[in-house]
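Reader: Hi! Could you walk me through this one while I have it open?
Author: Happy to, let's bring it up.

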Number of protein chains: 4
Amino acid sequence: MDTVIRNGTVVTASDSYQADLGIEGGKIRAVGKGLEGDEVIDADGHYVFPGGVDVHTHLELSVGGAVSSDDFVTGTIAAACGGTTTIIDFADQERGHSLHEALEARLERAEGRAVIDFGLHVSITDATEEVLEEEMAELVDAGITSFKLYLAYPGRYMIDDRSFFRVLLKTRELGALVLVHAENGPVVDYLTNKYLSEGKTSPVWHALSRPPEAEAEATGRALSLAAMAEAPIYVVHVTCAQSLERVKEARRREWSAFGETCTSYLFFSRQEYERPGLEGSKYVVCPPLREKADQEALWRGLVRNDLQVVSTDHCPFNFVGQKDLGRENFSLIPGGMPGIETRVPLIYHFGVNQGRFSINRFVELVAANPARLLGLAPQKGTIAVGADADLVVFDPGKEVTLRRENLHTNVDYSPYEDVTVRGYPVRTLSRGKTVMLNGEFLGREGDGRFLRRRRFLV
Amino acid sequence: MDTVIRNGTVVTASDSYQADLGIEGGKIRAVGKGLEGDEVIDADGHYVFPGGVDVHTHLELSVGGAVSSDDFVTGTIAAACGGTTTIIDFADQERGHSLHEALEARLERAEGRAVIDFGLHVSITDATEEVLEEEMAELVDAGITSFKLYLAYPGRYMIDDRSFFRVLLKTRELGALVLVHAENGPVVDYLTNKYLSEGKTSPVWHALSRPPEAEAEATGRALSLAAMAEAPIYVVHVTCAQSLERVKEARRREWSAFGETCTSYLFFSRQEYERPGLEGSKYVVCPPLREKADQEALWRGLVRNDLQVVSTDHCPFNFVGQKDLGRENFSLIPGGMPGIETRVPLIYHFGVNQGRFSINRFVELVAANPARLLGLAPQKGTIAVGADADLVVFDPGKEVTLRRENLHTNVDYSPYEDVTVRGYPVRTLSRGKTVMLNGEFLGREGDGRFLRRRRFLV
Amino acid sequence: MDTVIRNGTVVTASDSYQADLGIEGGKIRAVGKGLEGDEVIDADGHYVFPGGVDVHTHLELSVGGAVSSDDFVTGTIAAACGGTTTIIDFADQERGHSLHEALEARLERAEGRAVIDFGLHVSITDATEEVLEEEMAELVDAGITSFKLYLAYPGRYMIDDRSFFRVLLKTRELGALVLVHAENGPVVDYLTNKYLSEGKTSPVWHALSRPPEAEAEATGRALSLAAMAEAPIYVVHVTCAQSLERVKEARRREWSAFGETCTSYLFFSRQEYERPGLEGSKYVVCPPLREKADQEALWRGLVRNDLQVVSTDHCPFNFVGQKDLGRENFSLIPGGMPGIETRVPLIYHFGVNQGRFSINRFVELVAANPARLLGLAPQKGTIAVGADADLVVFDPGKEVTLRRENLHTNVDYSPYEDVTVRGYPVRTLSRGKTVMLNGEFLGREGDGRFLRRRRFLV
Amino acid sequence: MDTVIRNGTVVTASDSYQADLGIEGGKIRAVGKGLEGDEVIDADGHYVFPGGVDVHTHLELSVGGAVSSDDFVTGTIAAACGGTTTIIDFADQERGHSLHEALEARLERAEGRAVIDFGLHVSITDATEEVLEEEMAELVDAGITSFKLYLAYPGRYMIDDRSFFRVLLKTRELGALVLVHAENGPVVDYLTNKYLSEGKTSPVWHALSRPPEAEAEATGRALSLAAMAEAPIYVVHVTCAQSLERVKEARRREWSAFGETCTSYLFFSRQEYERPGLEGSKYVVCPPLREKADQEALWRGLVRNDLQVVSTDHCPFNFVGQKDLGRENFSLIPGGMPGIETRVPLIYHFGVNQGRFSINRFVELVAANPARLLGLAPQKGTIAVGADADLVVFDPGKEVTLRRENLHTNVDYSPYEDVTVRGYPVRTLSRGKTVMLNGEFLGREGDGRFLRRRRFLV
């Protein structure tokens, strides 16, 4: 073997057991006892997890006048340092342009720069006949097997119900998956303009202009349209109990419906927007943060499998020079929060240590399920012979107090500043190579490969 | 007293008791024993109900090339003969025209012709600033306190979510009520065109192009938008379990949401569309007829107060010369069925005789609730001192086999042909005057008055 | 007419309208305008309600060493002064004795003493063959159409599941109704003894030894047994969300199931037991007071018709000399609270004034529904020609601050001390006679008659 | 390695991947590629599953005058031949006797005879102080970590609510698990006697005397008692939608509640009891078979994780000489059906082949979950380094028509006669030794070991 990880407790979505892992050619080749290898890593007393899979990130995304502050280099380094070995980012079609153009532009940014493997979803904002009849099929053949659609942002990203329905019919035919950003765009825009015209410009109005029911309505609509198209659907960033209820109800009817939440919604609430000065702008995300009761509802959704994935929607903007663009107008605050580096330890600590779910469910939520749903299994998201050796050696006893200065994300604040977690990745391997050791990045720019994903099967 | 109805069993939404009713000046003036009057009507052994209130009719409505075959004369005569003493019909705005124009046009058709009292809802299809900022308020002042909005029929009646939301905000401000026709227009239109282009032209494809979930989705959306606007909402013609579920859920959350179903949906199912030849066209209505299980769900909805009103959506078209326009294309069949005359006896027989609900609940569903919700209480819909003497003397023992030839509706078929009911109105009074006696119309064209309705209060 | 109440706003479970009421021979004889009578009562600006019907009281009930401090004289005076004109109390079978003996003993206490009409439920604690095969039928014939069963108090009142089931089968046959006190006796007794043996003797342990789930379990069991017996069932004093859920679920399945809550559970919570000293003992009732969230759940149950009745479980004990028997042992505190006099104004103020429900629903909850369910309609519980003239003239503007010294109940404290309500009965009539005027009792001991009730029909 | 299984597709509750398995000392020692061993088993084209775990069997159980026809030899051979490598049977306390006596008696029957590993639950029917204060703890120390309680069979197995509650409190303290047979004994007994006394003696009355609600009630009660005791609970043989609803509701509240169904309830319905002659007696089980709609509800429960385990309740009786004891009286038919041998292929075929759930979920239901819940993980129920080499080589293409003559169970009929399944075990290994090959039993009497199980952890 090239490398052997010895004596760790191997954890998958269903099992925990002590064994050595043997790695060859970047893949897991053996699970056993007393394995020998050129490089031997001692994991005694540690867990060995499959590397985290974060299927919702926005690196170097241009939003209004701002570009999210992590590019494919810094963002993937942060991911690796936090125990994540695969991300899926987005290529957004511009109206009047093709999907291919969007994809090419993003590949150009990512290839040769990402330090861990990555995939791309393509967002359809202009469902022309060409998109529907040609491009979607070509992309699926090329390993882009998920498409994102927006029911928010009319005039920019939003597509109408007819196009939404047609894309769903097409994904069903092709074996692809629609991801939906579910907020009722017209209502949100109306309220935004109304509040701004009334001089209500501070961050709290960001939340008030995007009420939970606007999300729940769009979620329900997307699920209904998918049911009529008999197509699977994946709701990104479910933030509130109302919206979660729609996902539950759809699943109760055995529709092929899936729900994701993001770390931010599990930890923060609407109260953040009332912080003094412009502090609230740090927490501006879309959909906005909700009530504390919603946080608890989301955790329960994770426990009960009403939600299947925790991702991050990582989209950081610096407080100085970016977030402060919204000083006079909440709608100019670039929306997004960092999270790519802290997801794995936060979900471990607040999920497993606090008794909400088992360590196996933790692996399922942050690695196995996202890999399965987005066409990456069994290559990613589990520990099995034949899978990529994307692994995390995790010290369950290591206490870390999260601080911006110790994190690798390129952003001037951390929403988790001073939060202490017990349990932290001490080593990350990407296809067999150690890319992080004890908090230090050891990988190489451009080592991450673009992932051609499988068709949707679940 | 002008008139006394003696010895009947007076039935209201909450009580049943034997008493005489004294009428003066068209109003109920006394309830008691041994009342004397100029005219004495013996109701011994009979029920005395408040006259039926049918808040959803379409008399002489122009649909494509056809006009519904009952005008305000024949339609209201049929109503009176079937125990209904109040109807509310619709004035539909044409795009590019004002609400006032729509209202004037309809008043012209109705006034001087209707034989019982009538109100009008106004349908908004073009929510201009003028409509929102001026006309709605003027109409509410004039006693038009309900507005209908369509989420179906894009390009003709459908308004977009933004306009829908704005109208809701305005009704809340004005104390008015939105009625919504809830079907997802874009999906229905897409499927209709798809099926027609595939040569699927028979009536059954009418149902298949309007799936229950298209109704449920739009129902859910309308309810969510109303909840966000904090405005009351009334869903017309709920036809299926899925849609009913949305109404129930809204009511469970204590939103101000109300649901109506129509007689057709309680008695007929999708199987009717598979009748030989063009027979299925007789049953083409929008939304379409559903499954038998849905009928039972609707009855349960009435029992459990998830639905509050049974109306008719009366909109008859002759089989010969009208329904047959769709011989080659289901989308050309004028949609609608008769019902105005048979609602009261059908709901009595299949509701009360068959043990589904009490006689008081029957009165609530066909008279008291529609009157309350549409701003007609306490003038209509109950028997109380001060209310209009709109009354039905009902013989619970009279068996009638419904047949087109014995009905007064101006249409060449009856969907209820040969259905036998026990219990039938033998006398109908409109503001104290007998307008029907033993099946014979005794009223006078033009005696019906336009009703200025109250603001929404529930 | 003997008496005319003029110009009041008559309120029933479904209608509100201005009219005069004419009374003759103790019954309502006329509803109209301009009625004349020997005695004329001006109700201008006032509501005229049907007198309250309280179907759950325990006057002069012997509990351990204590007897509840209101007898049939003081208790019914208090009722009348608070706007209640009918009560139903209990005759509890003693083991080894017959139902008739129990009934006779209670009739002896009540007849010639009660100032308003009263009925009696009979509690079966020993379901012998004689009880099942003879006495139940005889009692139903005699107008005792409801039987109470206990799932709590093993060894004293509790009957086993087999007997419970047999009584249900019998009530179904006879047209009677089972009322159930639903708490799991064995669990409660086990916990009580456990806590006492651990030295946990203060009032708060009363609540902890009777957990909500012990009530919910027994409620669910009673409902299931009734469903299997196809017999109607009425759950007395539903106190918590869990228990309410069982009632809702039963009703959702269209079982013939009904739920009552009592004023105490709407206003007080478990926190009362933590009052200093022995103060908590004033709030000891069975089942115990619950959480604030349960109060809100109960109110919503009343709004949504998951619960149909508010009664009182009036069973007062003096703080000095009775409640203080439990100084060293919570299980010796006689369980019960006063309420008979304050129910009507409290439910009006906190229900209607606070916008929870309409004035008609108020009448339904405190008068119409209890009368219907317990076989007293249409004689009691409504205002209709032919009904008993049990009426309350209610001044909606009268503010009253409840104080023990102004109440008529014979007990040395009021749990509602210093609560202010707006709206209060200013006159109560029992079968046409004024028994209370402006807070002063004007009736006569013994004027109340025993009510032979109808069979269960709903 | 002693043995290597090569090239199979290894399937666990979460993963499927191609690998070799290396076995040493009866345990899985290595998972990898190109493993070498003394014995090499080619599994190319086959699945390798963890051996099935059947936690609900009744071998040589005495019921009335009959003893179930499989003893620990024939029963475990049948299990092994059908892909099951672990069973848990029962030791039932007799009233007046100790738990130890029960255990000893059963160990005597099983040890030296079973061909695969086995555990024992102990049924408590007489919860004396000695049982509660001494024996339970001793048994848990000895690896008996689950206790069965009956709410049915008064006078024989049933214990009262108080004892039930006390056992629950004790299991919580000890880390054990209560299994409950949930049917309301008093109701069932009452109905049984009633029907028999009315001359209703045929098998269909078996079902009618044990209505679904009698099961649902007892299920709800058991769950409530467990919730109050804060103890985990496992409901055996959930048979109907009503009962399943209680389990779902308990889990929704995040009680530690688990549900099992058995193969019979997934495949047969009440109609079987109407088979001609005494044929219906073959299907007499307790609880009885239900409606077809219940079957579908149970399958959905398995899909949605409302139920966690499929076991068999294997308890065969010969038609001739045993089942026919009930010729004149359904209550004398010994209750039970065979199933131990057919569970794995039936659930695979009707679950996986018919698209109800994934192959991983199949493994979870028949092996992983029962092992986890009953204290056998990670030794049993999964394929992981360190686990027992209890394995099934499964040919997904092999079609088998089930016939009594080809099965190994010692009973004269098969309820599954002529059912064809695709996919069947071709080899079973118990701790590394092949005990079945191509339908032939190759193991040895007495090789099965008694399993000391872990405490309950979930």
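Author: Let's start with Glu254(D): its relative accessibility is 38%, so it counts as partly exposed. Keep in mind that this is a predicted model.

Reader: Thanks. Where does Glu254(D) sit?
Author: Glu254(D) is in the loop of chain D that runs between helix 8 (241–252) and strand 14 (257–262).

Reader: And what about phi of Glu254(D)?
Author: Phi is near 65° there, a positive value in a residue other than glycine.

Reader: Let me hop to chain B. What is phi of Glu254(B)?
Author: Glu254(B) has a positive phi of about 65°, although it is not a glycine. Glu254(B) is placed in the loop between helix 8 (241–252) and strand 14 (257–262) of chain B.

Reader: While we're on backbone matters, which peptide bond involving Pro287(D) is cis?
Author: The one that runs from Cys286(D) to Pro287(D), with omega near -5°. Pro287(D) belongs to the loop between helix 9 (263–267) and helix 10 (292–303) of chain D.

Reader: And which residue is joined to Pro378(D) by a cis bond?
Author: That would be Ala377(D), and omega is about 0° for that bond. You'll find Pro378(D) in the loop of chain D between helix 12 (359–373) and strand 16 (391–401).

Reader: Let's step back to whole chains. What is the secondary structure of chain A?
Author: Chain A comes to 12 helices and 19 strands. Its radius of gyration is 21 Å, close to the 23 Å that the globule rule gives for 458 residues, so chain A is as compact as a globular protein of that length.

Reader: What box do the C-alpha atoms of chain A fill?
Author: Roughly 70 × 50 × 40 Å, taken along the principal axes.

Reader: How much of chain A is buried?
Author: 66% of its 458 residues count as buried. The accessible surface of chain A comes to about 14700 Å², and 45% of that belongs to carbon and sulfur atoms.

Reader: How about contacts in chain A between residues at least 6 apart in sequence?
Author: Among those, 76% join residues at least 24 apart.

Reader: And the charges of chain A, how far apart are their mean positions?
Author: The mean positions of the 50 positive and 66 negative charges are 4 Å apart.

Reader: How far is Pro425(A) from Cys286(A)?
Author: They are 139 residues apart in sequence, and 29 Å apart in space from C-alpha to C-alpha.

Reader: How far apart are the nearest C-alpha atoms of chain A and chain C?
Author: 14 Å, and the two chains do not touch. For chain B and chain D, no contact joins them either, and the closest C-alpha atoms lie 15 Å apart.

Reader: Over to chain C, then. Which side chain makes a polar contact with that of Asp117(C)?
Author: The side chain of Arg431(C), at 2.5 Å. Asp117(C) lies in strand 10 (residues 117–123) of chain C, and at 1% relative accessibility it counts as buried. Beyond four places away in sequence, the residues Asp117(C) touches include Thr85(C), Lys380(C), Asp388(C) and Asp447(C).

Reader: Is His121(C) buried or exposed?
Author: Buried, at 0% relative accessibility. His121(C) lies in strand 10 of chain C. Among the residues it touches, setting aside those up to four places away in sequence, are Val55(C), Phe90(C), Ser146(C), Leu179(C) and Arg453(C).

Reader: Last one: where does Pro288(C) lie?
Author: In the loop between helix 9 (263–267) and helix 10 (292–303) of chain C. Pro288(C) counts as buried, at 0% relative accessibility. Its contacts, not counting residues up to four places away in sequence, include Glu183(C), His206(C), Arg210(C), Tyr265(C) and Tyr273(C).

Reader: And how far is Pro288(C) from Ser209(C)?
Author: 79 residues in sequence, and 9.3 Å in space, C-alpha to C-alpha.

Note on methods. Residues numbered from 1 in each chain as written. Chains lettered and ligands numbered in written order. Predicted model: local features only at pLDDT ≥ 70, side-chain atom pairs only at ≥ 80, totals over all residues. Heavy atoms only, no water. Helix = DSSP H or I, 4+ residues; strand = E, 2+ residues; numbered from the N terminus. Rg over C-alpha atoms; globule rule 2.2 N^0.38 Å. Buried < 20%, exposed > 50% of the residue type's maximum accessible area, 1.4 Å probe, protein only. Contact = heavy atoms within 4.5 Å. Areas by Shrake-Rupley, 256 points an atom, 1.4 Å probe, with all protein chains shown as cover. Lys, Arg positive; Asp, Glu negative; His and termini not counted. Charge placed at Lys NZ, Arg CZ, Asp CG, Glu CD. Polar contact = N/O pair within 3.5 Å; in protein donor to acceptor, adjacent residues only side chain to side chain.
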